[in-house]
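Hello,

Here is the structure for your files. My notes follow below it.

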Amino acid sequence: AGDRGVPKQYVKALAVLTDQAPFRPFAQMEQVLVEDLGKKGSELFSSIDTQPIAAASLAQVHKARTKEGEDVAVKMLYPGLRKNTASDFSVFETMGKQIKPGGFDLEWLVRDFKEALAMELDLQTEAANAEEAQRKLARRTDVSIPRVLHHLSSKSVLTMRLETDLIKMSDTEKLHAAHLSRSECGELVSDVFYEMALVHGLVHGDPHAGNVYLRVGECTKSGCKPQLVMLDHGLYHTIPPAMRKDLCRLIIAQLSPFASHARRLRLAARFAGPLARYFPLMLSPWFVFSASLTSEDMAAARKQELPKSIAPQDIAECLVAMHGEQEKGGGGNMLGVLHSMGYTRGLLTSLDFSERARLKSLVRHAQIGLWAPAHQERALNGGSLPLMATLQLFLVGFYVDLTALLIPFLSLIGPLIFFYSLYMSFLASLWRFGGLNILAWDWADAEKEDASDDKTE
């Protein structure tokens, strides 16, 4: 998750693309204001900075002040972007119809990319997503989502309240200077994003470090609490209720000692098809204890390879299952959900938030996600819960603590499994050579040799 495993030079070079990409002159960008809102920047705003405060692949953002004196951020799509992408996708769609690797249809991949980009190229969709997230998280004072100014917005222009005093998750020095606990910051990040996904079925599709920030929130005599600031709501995924509940059930089943192997596999198969036994590991490496892995799987993982038993067709069918192509009525894009969760884990990694703490947040919200709305509201607002609900929350937390006790043994078991797999491979090689292995010696051949010896005598 995050940039783990990626060379630092690449991380540093590509990090600027999240919010400090090369930008275009304001004279070019002002054309978008005139085309969409009918006026120049100086006519729409009391003032607008010609130098952008942020720039990414599809748009750049300028600071401005409204006629009413409110500081705002004005996001503008690059001119001609829709026209250019339309022609590009026409080519992609033609190629998708003609190129079928292994006879497998990949048109859905092009279609999915096109739909996702179409969402990000419509800033009215972004405004709607931001307001939906605001409604779901309205009770949380520790989350800030910029308010949209609709009279200064369009499909290509989005004007929002300007968010200030932002701190990047990875900026340890600024977090320390602001007296913000990294542990509390990590807890806030995990709780918010897992609540959105597992309780509300609403998934921020792009929560990378250029879109999610921290700042000082409420302060008391005992100290200051962090506040999470969420920007760029262009890409969102929704999880259908039935699918969301199955995901919650799977997360809990992976930790519960009372869940059967068949139940875990059945739930995982909905999301990953023939590769169901690997799916839980995409949610947490700690789920290895309940995953149905073989010694071949473990040995391949140590070599960072795919097990030889996995065919290309299995991978293709797994991708289709994750994309939700089999879901009635569409929706249920688990690839998008995993993409978002990977970004979330990256943010948590930059805060040195432990896997134990992350998993506790994950399973807690998975449990809450299975309850009736009235109980969900009580749990999220810190209200009193029925005894059984309180017990359920205690148990899922206890299961995480229990799993944490087993993790040190994994470092001992892993090498043993690896050497065991090498030993079995060695025996298999001997078996193939036949006479080199007494286990491959056929008693019928022995009788033939005895008969031959008798004739010789």
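**Notes on strands and one histidine**

In S9, Leu228 is the bridge partner of Leu214. Strands here are DSSP E runs of at least two residues, and helices are H or I runs of at least four, both numbered from the N terminus; two strands pair if DSSP finds at least two bridges between them. The model is predicted, so local features need pLDDT of at least 70 and side-chain atom pairs count only at pLDDT 80 or more, while totals for chains, interfaces and linings use all residues. Residues are numbered from 1 along each chain as its sequence is written, and side-chain values use heavy atoms, with hydrogens and water left out.

S8 and strand S9 (residues 223-230) run antiparallel and are joined by seven bridges. They belong to an open, mixed sheet of three strands in the order S5-S9-S8. Strands S5 (143-144) and S8 (212-220) are at the edges with a single partner strand each, so one side of each has no neighbour in the sheet.

S3 pairs antiparallel with strand S4 (residues 71-77) over seven bridges, and Arg65 stands opposite Asp71 in S4. The S3-S4 hairpin has five residues between the strands, and Gly69 in the turn has a positive phi of about 90°.

His204 lies in strand S7 (residues 202-204) and is buried, at 1% relative accessible area. The His204 side chain reaches the backbone nitrogen of Asp206 at 3.1 Å.

Regards

Conventions. Buried < 20%, exposed > 50% of the residue type's maximum accessible area, 1.4 Å probe, protein only. Polar contact = N/O pair within 3.5 Å; in protein donor to acceptor, adjacent residues only side chain to side chain.
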